[in-house]
Amino acid sequence: MRKSGFIEGTIIATAAIIITKILGILYVIPFYAIVGIQGSALYAYGYNIYLIFLDISSAGIPSAMSKIIKEYNTLGNMDAKVRAYKIGKMIIFLLSFIMFIVMFCFAPSFAKLILGDLTGGNTISDVTMVIRAISFAILVIPFLSVSKGYLQGHNIISVSSISQVIEQLVRITVIIIGSYIALRVFKLPIGLSVSIAVLGAFIGGLISIIYVKLKMNKNKKELSLDKVVEKSDVTDKEILKKIVHYATSFIIVSIAVSIYGFVDMVFISRTMGSMGLSANETEFITSSVTTWAPKIGMIINSIAMGLAVSLIPNMVEANTLKQWDKVQEHLNKGMQIVLSVCIPMAIGIAMLSKSVWAIFYGVEELTLGSMILSIYIFQPLFFNLYLVTSTTLQGLNKFKVVYLSTILGYATNALLDVPLMYLCKLIGLKPFIGAIIASIIGYTLSILIALIHLNRKHNIKYYETFKIFIKTLLPSLVMIIVVLLMKLIIPVNYDSKLSCILYIGVITIIGAISYLLVAFKQGLLYSVFGKEYLNKIIKKITFNKINLK
């Protein structure tokens, strides 16, 4: 198994995550058509609860494992590295089993919390059934994550990345085929049909675990999983303490991200209901803001997720060796990639939101759905910067700052949700916009706290990143003008998915080319990715016909 450097590891991980997320978006088209608005809302209720329990059951162990493995590997302590992996698996077993029991037994309470007094749509019994069905995934996914964390700690990114794609493919297959057979063939109730679909998470995780284990068994020597001769002075108690210490910060960050969505789901649902909206409209807006728009936004989120996978081991190594120049370099590089890639992506999706929404979710509620997407799509940009800065803090053992920035950001979001929703209604805007703005403000506060701390404690400078941000403005503006002109020229029929796909495809290609050409002329691409690696990519794409000089 081949190890990867920072940029290469980032690109491998990001590519796998993008493929996974694209698959995760594409399956929505047939699934949404099969189960409709009510079924999709039911799916959203169960999945948002599941994500919170998944974070708790994993307890930050995968990311903590990557961090610990890299640390012991850097120090040459192979015995402690392997024992840390075994202890991590034991912790995961206990936590995942406990969380499965809690999620399964208290499913009715969660269902009541989500729906409240809302009637006319999904029932509490349906939501309960879906939550219980997806709870079985808690028994397998955390084990997969801890093994992937062990591999990432060795800078082996490809295996864990491929396993993600396998897991997603199996999960999607079960979701689509399961829901179709249950609902359309056997005419089962919507609650049971969606429950069968969400079992795909369990089956996908199981298949992926088998793949990872086979790869690890074939490379036991390289991973130090064969017999370790030299014993370490590090005790199991010390390793356990370190795992818990590291994992705590990761779990707080992970849970905070999931809670952002859950809190928005509860507040939007309750607030919209109190404003007199119908149950159908309330469920549509709630599921769109918390699940269906984020599904499309995951393409943008995948950039930071890929960065985090590669960033953790590199930050740990730099911190262990006290190489603060490397810390500054990696942090700024991460933020620069986010800004230069995510800004044009968000703008592009926002400008094409109507046709994008029509492809995935149809023309029913097209105007409202596309409006939600066009506004929400900028939230992932702030999430990405938050993830990069919090991952850096965790890699540097700045746990108190992680807790402070994350908790304050989450609290700000929670406190502002309802007031901003009422404010938006008062000034004539759609109330859900307030919830999206509250989340952006929360992420922004967390980012600023992290950056200020790193500047004061380690003199980390961000001038180069600021220059990259300024450089993205001109190519983004050119892209906006080009896209606007193309939208005037090219016709589109929203009732036809093929028409929307061709419309998006043509405009996206032309818009991306205009952005990349201006960015290349400015030297933006060189600054972010480096001339050597950029040249390597271009040579591969053009089959060695173009070589940058």
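Author: What follows covers salt bridges, then phi values. This is a predicted model, where local features need pLDDT of at least 70, side-chain atom pairs count only at pLDDT 80 or more, and totals for chains, interfaces and linings use all residues. Residues are numbered from 1 along each chain as its sequence is written, and side-chain values use heavy atoms, with hydrogens and water left out.

Reader: How many salt bridges are there?

Author: Four. A salt bridge here is a side-chain nitrogen of Lys or Arg within 4 Å of a carboxyl oxygen of Asp or Glu.

Reader: What does D79 pair with?

Author: D79 forms a salt bridge with R83, with 3.0 Å between the closest N and O atoms. Both residues lie in helix α4 (residues 78-105), four residues apart, about one turn of the helix. Helices are DSSP runs of H or I, at least four residues long, numbered from the N terminus.

Reader: Which other residue does R83 bridge to?

Author: D236, and there the closest N and O atoms are 2.5 Å apart. That pair links distant parts of the chain: D236 is in helix α11 (residues 236-274), R83 is in helix α4, and 153 residues separate them.

Reader: Is R83 buried or exposed?

Author: R83 counts as buried because its relative accessibility is 17%; the cut-offs for relative accessible area are under 20% for buried, over 50% for exposed, and partly exposed in between (1.4 Å probe, protein chains only). D79 is buried too. D236 has a relative accessible area of 43%, so D236 is partly exposed.

Reader: What about E464, what does its side chain meet?

Author: K467, in a salt bridge of 3.5 Å, N to O. They are about one helical turn apart because they sit three residues from each other in helix α19 (residues 463-489). E464 is partly exposed at 44%, and K467 is partly exposed at 35%.

Reader: Changing topic. What is the phi of K187?

Author: Near 55°, a positive value in a residue other than glycine. Most residues other than glycine have a negative phi.

Reader: Where is K187?

Author: In the loop between α8 (158-185) and α9 (190-198). K187 counts as exposed because its relative accessibility is 63%.

Reader: And N459, what is its phi?

Author: Near 55°, again positive in a residue other than glycine. N459 is in the loop between α18 (432-458) and α19, and at 46% relative accessibility N459 counts as partly exposed.

Methods. Helices (H or I, at least four residues) and strands (E, at least two) are DSSP runs, numbered from the N terminus.
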